[in-house]
Amino acid sequence: PTYSKAFYRGARAAEKVRKYDIALNLIEKGLTTTPPPTEQTISEFNTLKASVQNGVASQLAAQKKEKTKGRVDAADTSNLLRAITTKGIKIANKAEVSSEQMAQLQKSKPYFGKSDDMLHV
């Protein structure tokens, strides 16, 4: 389309569903339409672009926080295992997942097996 308002509406819709890369792409296309957008339209695009960039920043911050939480949980589990083994409690011979996998899976809680009475990690 050569109508800048169509790009603006598409960018707003993409922002609402948190598809920020698509929104930024549509904003850039909307600013380069023929005929060129009016000053008011450019102002609307710039306001929307700032909003989209804030959304991107908050999304990245949330991802970073989630990743850090997973690593902290994995470290807590590792410390717990170390404390358990120093008390003489048997632990299964081989860890079922590594601490890095635990962080990714976010399932870092150990459990006792019902059939073998071993602590599984």
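Me: Buried means under 20% relative accessible area, exposed over 50%, and partly exposed in between (1.4 Å probe, protein chains only). What percentage of the 121 residues of the protein chain counts as buried?

Reply: The model is predicted, so local features need pLDDT of at least 70 and side-chain atom pairs pLDDT 80 or more, while totals for chains, interfaces and linings use all residues. Residues are numbered from 1 along each chain as its sequence is written, and side-chain values use heavy atoms, without hydrogens and water. For the 121 residues of the protein chain, the buried share is 26%.

Me: In what order do the elements of the protein chain run from the N terminus?

Reply: Helices (H or I, at least four residues) and strands (E, at least two) are DSSP runs, numbered from the N terminus. The protein chain has four helices and two strands. Read from the N terminus, the order is α-α-α-α-β-β.

Me: What share of the contacts between residues at least 6 apart in sequence joins residues at least 24 apart?

Reply: A contact means heavy atoms within 4.5 Å. Counting contacts in the protein chain between residues at least 6 apart in sequence, the share that joins residues at least 24 apart is 61%.

Me: Is H1 roughly parallel or roughly antiparallel to H3?

Reply: Helix H1 covers residues 4-16 and helix H3 covers residues 39-86, and their axes lie 11 Å apart at an angle of about 20 degrees. Axes are lines fitted to C-alpha atoms, for helices over the stretch in contact, and angles run from 0 to 180 degrees between N-to-C directions. Under 35 degrees counts as roughly parallel, over 145 as roughly antiparallel, 65 to 115 as roughly perpendicular and the rest as oblique. The angle therefore makes H1, relative to H3, roughly parallel.

Me: How does H2 run relative to H3, roughly parallel or roughly antiparallel?

Reply: Helix H2 spans residues 20-30, and its axis comes within 10 Å of that of H3, crossing at roughly 160 degrees. Because of this angle, the arrangement of H2 and H3 is roughly antiparallel.

Me: Which residues in H1 meet H3?

Reply: On the H3 side, the residues are Thr41, Glu44, Phe45, Leu48, Ser51 and Val52. On the H1 side, they are Ser4, Lys5, Phe7, Tyr8, Ala11, Arg12 and Glu15.

Me: Which residues in H2 meet H3?

Reply: H3 brings Phe45, Leu48, Lys49, Val52, Gln53, Gly55, Val56 and Gln59 to this contact. H2 brings Tyr20, Ala23, Leu24, Leu26, Ile27, Glu28 and Gly30.

Me: How many Å apart are Ala6 and Gly30 in space, C-alpha to C-alpha?

Reply: Ala6 sits in helix H1. With 35% relative accessibility, Ala6 is partly exposed. Ala6 and Gly30 are separated by 24 residues in sequence, and their C-alpha to C-alpha distance is 7.8 Å.

Me: Which residue does a cis peptide bond join to Thr34?

Reply: The residue belongs to the loop between H2 and H3. Omega of the bond is about 0 degrees, and the partner of Thr34 is Pro35.

Me: How many Å apart are Tyr3 and Pro35 in space, C-alpha to C-alpha?

Reply: Tyr3 comes in the segment before H1. Its relative accessible area is 55%, so Tyr3 is exposed. Tyr3 and Pro35 are 32 residues apart in sequence, with their C-alpha atoms separated by 8.1 Å.

Me: Is Arg18 buried or exposed?

Reply: Arg18 is part of the loop between H1 and H2. Its phi is near 60 degrees, a positive value in a residue other than glycine. The relative accessible area of Arg18 is 60%, so Arg18 counts as exposed.
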